[in-house]
Amino acid sequence: MEPFKNFIDVLTQPTLMLTLAMFTFPFFFPMNDWFDKWNRRLRLNLLWTKAGLIAVIIGLTLFFVVGVQDAEFRLIMLKPDNVPIVGLIFLVYFFMWVSMKQASDNDKLLSTGEKPNEYHDPDEKVLVWPDLVYVEFISLILCMCLLLVWSIGLDAPLEEPANPAATPNPSKAPWYFLGLQEMLVYFDPWLAGVVFPTIIIFGLMAIPYLDKNPEGSGYYQFKNRRLAISIYMFGWIILWVLLIIIGTFLRGPNWNFFGPFEYWDIHKLEPLTNINLSEIIYIKLFNTGLPSNILVREIFGFIVVFGYFLVFPPLLAKTVLKRIYLQLGNFGYGVFVFLLLCMLSLPIKMYLRWIFNLKYLIAIPEYFFNI
Amino acid sequence: MPAEAEQPLQEKKSSQQATASVGEGTIKEKVQRRSFISWLAVAWVAFAAATGGFFTMILRIFFPNVLFEPPQSFKIGPPDEYEIGLVDIRWQAKFGTWIIRDSEGIYALSTVCTHLGCTPNWLENESKFKCPCHGSGFRRSGINFEGPAPRPLERYRIVMADDGQILIDKSKKFQYEKGQWSDPEAFLVV
């Protein structure tokens, strides 16, 4: 069992786990023909069959059953805050499966020139009363039972009265904010706490205006909407759900990373000295001190940030996103590519932090402006 | 043809007049045009007064009669109570201040993380302040060196009182990035 635990601890190092997740992601949600070919060749499309569902559920259950034997992981897993996150892992996969199963079934029908399943009226119609109401009533009773057992079995995670001078260690946000908390590690508070959540909300609201593809309205399908689905699932699965899982299971005292089977050592030492881009350039590269003028000091950061948002849109419009540019026109494409670049800035900033110990590209603490 | 067409038109007119006169009669009895405007003004004034009073009362909440907060300036005893090379956390809970004495003197650090405002912990073995919320780390001096904190911890005004005790004044802060740490009141030479 020890080698297995060590293997999991190594595998779940967030640097490694996120890298693996990001690079294997397009094989699960192929966004072009090349990935699609490999998706078939590696039989990853079996994930959306009934056998795939059973295999994944059994695999996950086994992992948690084995995991609960371990004293360290039991503490994390059975904490009343975290039990729902274990459920969330199962539920996210299940609902992903429900839609992707229908999508792959419809893809098969469409490729043979037939209409999707939902096109035909079902022969057997059911009545609202009593059929639907009956199902709803049963669901309601089951939910009530679950909530009753849950509320009796798990104590509410209440703590001592709040004391501004004592912050629990680690201090975790409610589970639905753990993605934001993870983002806050890499960005300035006003960016990660105010600007990005606003962009996320408005970005989600903008989706129906950007994605006008009529394919798949009223039924699930993947083939003709693979770019749209891939981009959305990347933001949802990798940059939201995975960050919640990392925040729940892998963040420990002093907000250090810990493997699921690793002892939460308060004195775990991870020597890292983060420096700003201006310090890397002026002190390490040029060997001169930091210039006193703020704009001169941060000019390279401004070049990088503005370059990122000014160079990539036209570049992408001429290459990979050419079709989308032609579909959406100047304004629509501008909004779309801005949202896309904002989304990708999170993993980019994470890697800059992990590889170069970079704190901020632009750092003007004098005016609370850091990117 | 035209005679036929006129007939219903006239009928329509007369019926319209009839309804209009009935309508005017009922309105006349209730409200007139001038009094309507003055009633409207009364209503708006009443609404504005009620809303204004409501918001005044809400504003009043921000200025309570009694403040159950520790005072902004306080005395922490004579300098020889503080050992050289130690970070003193005895005032952390009550006043939100760390007192640090090095070979040159004493300074008072704020316990508020400059990233998002949690209270970091002093880790003696690692010789650093480490924030449990997002992992920001600060050296003994208050300089930020790890995690996302954008600027060093703030220092409070520290002076000697007349009775030989150290006086900390939290209403005056000194920020490193503004070059204020060299201010004579940011550091107590002992």
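Guide: B:C118 is buried, at 14% relative accessible area. In this predicted model, B:C118 forms a disulfide with B:C133, with 2.0 Å from S to S. B:C133 is also buried, and its relative accessible area is 6%. The torsion about the S-S bond of this pair is about -90°, so the disulfide is left-handed. Over all chains, the count of disulfides is 1.

B:C113 has its closest cysteine sulfur in B:C131, at 3.9 Å. A disulfide requires sulfur atoms within 2.5 Å, so the sulfurs of B:C113 and B:C131 are too far apart for a bond. B:C113 is buried, with a relative accessible area of 4%. In chain A, A:C342 is buried as well, at 9%.

Now the strands. β5, β6, β7 and β8 of chain B make up an open sheet of 4 strands, in the order β5-β6-β7-β8 and with antiparallel pairing. Its edge strands are β5 (121–123) and β8 (144–146), each of which pairs on one side only. Strand β7 of chain B covers residues 137–138 and is joined to β8(B) by 2 bridges, the two running antiparallel. Within that pairing, B:F138 has B:N144 of β8(B) as its bridge partner.

Terms used:
Residues numbered from 1 in each chain as written. Chains lettered and ligands numbered in written order. Predicted model: local features only at pLDDT ≥ 70, side-chain atom pairs only at ≥ 80, totals over all residues. Heavy atoms only, no water. Pairing = 2+ DSSP bridges. Buried < 20%, exposed > 50% of the residue type's maximum accessible area, 1.4 Å probe, protein only.
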